[in-house]
Amino acid sequence: MLLSNTKIKEAIDDGRLLIEPLHECKFDATAINLTLSPTIQVPIAKFPTAIRFGHGSITDMLEQSSTEHFITNQQPFELKPNTFVLAASEQVVWFRGPGERMSSWNNKPVLAGRVEGKSSYARMGLLVHFTAPIIHNTFKGRITLEMMNLGVYPIMLTLDRPICQLLVEEVLGDPTDYTSNFPGQQRPAGTGKSASES
């Protein structure tokens, strides 16, 4: 069941959903808008090989085969047509799981979410994710955005505009233990630390 903006606010108030920082987020009727983190990772053709899933760490490969760009209020990132980048939400999102249940929940169900693009940007050819919209219950971190410009004009990515929207849904029943491939992710590639800390 999709939550309305009033029910999303209620979930934040009762502690089932944590979004930080929240003050920059605007609500739509059934979603909350998220803004862009300053870090953009641009994949480069660094290795003379094909990608083979299940062999090695995808986060390590992404970190080693991408360059990092930083957006500021004075310097946006120019996403050229037919270009793919990894970005992330500025906000850290945490869907608290059954193990973090608090009395303030009053037996309400745990939550999960989906990230979707903004229709005004989509009409200009901007995709914000590829087939990976689901944010599972217990997820905690910044939401990675797999972005591509399918339009004919460059798109300037800035820090001061909503880049995507988070839809929140109730989960029927408590999920069993789930281990994410990207626990505590802070960077677009899925790691929990910055490149300078690697």
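**Reading a predicted fold, step by step**

Me: Is strand S4 mostly covered or mostly open, and how many of its residues are buried?

Reply: Strand S4, residues 39-43, is mostly covered. Of its 5 residues, 4 are buried. Keep in mind that this is a predicted model.

Me: Which strand pairs with S4, and in which sense?

Reply: The general idea comes first. In a regular strand the side chains alternate between the two faces of the sheet. Now the case here. S4 pairs with strand S5, residues 66-70, in the antiparallel sense. The pairing runs over 5 bridges.

Me: What does the whole chain look like in numbers?

Reply: The chain has 3 helices and 13 strands. It has 198 residues, and 40% of them count as buried. Look at contacts too. Take those between residues at least 6 apart in sequence: 75% of them join residues at least 24 apart.

Me: Which strands form the open sheet, and in what order?

Reply: The open sheet has 5 strands, in the order S2-S3-S13-S8-S10. Their pairing is antiparallel. Strand S2 (27-28) and strand S10 (134-135) stand at the edges. Each has a single partner strand, so one side of each is left without a neighbour in the sheet.

Me: How many bridges join S8 to S13?

Reply: There are 6 bridges between strand S8, residues 111-116, and strand S13, residues 162-170. The two strands run antiparallel. To find your place in the model, pick Glu116: it stands opposite Gln165 in S13.

Me: How many disulfides does a search of the whole structure find?

Reply: Start with the idea. A disulfide is a covalent bond between the sulfur atoms of two cysteines. In this structure the search finds 0.

Me: Are Cys25 and Cys164 buried or exposed?

Reply: Cys25 is buried, with a relative accessible area of 9%. Cys164 is buried as well, at 0%.

Me: Where is Arg16 found?

Reply: Arg16 is in the loop between helix H1 (5-14) and strand S1 (17-20). Look up the accessibility: at 3%, Arg16 counts as buried, because the cut-off is under 20%.

Me: Which residues does Arg16 touch?

Reply: Leave out residues up to four places away in sequence. Then Arg16 touches Glu10, Ala11, Trp94, Phe95, Arg96, Trp105, Lys108, Pro109 and Leu111. Arg16 and Gly97 are 81 residues apart in sequence, yet 7.8 Å apart in space, C-alpha to C-alpha.

Me: How do I read a pocket?

Reply: Rolling a probe the size of a water molecule over the atoms shows where empty space is left. Here, the second largest pocket holds about 220 Å³ of space. Its lining has 15 residues, and Tyr121, Leu126, Ile155, Met156 and Leu157 lie nearest its centre.

Me: Which elements supply the lining of the second largest pocket, and which classes does the lining have?

Reply: Helix H3 (119-122), strand S12 (155-157) and S13 each supply at least two residues. S12 gives the most, with 3 residues. By class, the lining has 11 nonpolar, 3 polar and 1 charged residues.

Key
Residues are numbered from 1 along each chain as its sequence is written. This is a predicted model: local features need pLDDT of at least 70, side-chain atom pairs count only at pLDDT 80 or more; totals for chains, interfaces and linings use all residues. Side-chain values use heavy atoms; hydrogens and water are left out. Buried means under 20% relative accessible area, exposed over 50%, partly exposed in between (1.4 Å probe, protein chains only). Two strands pair if DSSP finds at least two bridges between them. A disulfide is a pair of cysteine sulfur atoms within 2.5 Å. Contact means heavy atoms within 4.5 Å. On a 1 Å grid over the protein atoms alone, a cavity is a set of points where a 1.4 Å probe fits but cannot get out, and a pocket is an open set with protein on both sides within 12 Å along at least five of seven lines; lining residues have an atom within 4 Å of a point. Grid points are joined across faces, edges and corners, and a volume is the space filled by probe spheres set on the points. Ala, Val, Leu, Ile, Met, Phe, Trp, Tyr, Cys and Pro count as nonpolar, Asp, Glu, Lys and Arg as charged, and the others, Gly among them, as polar.
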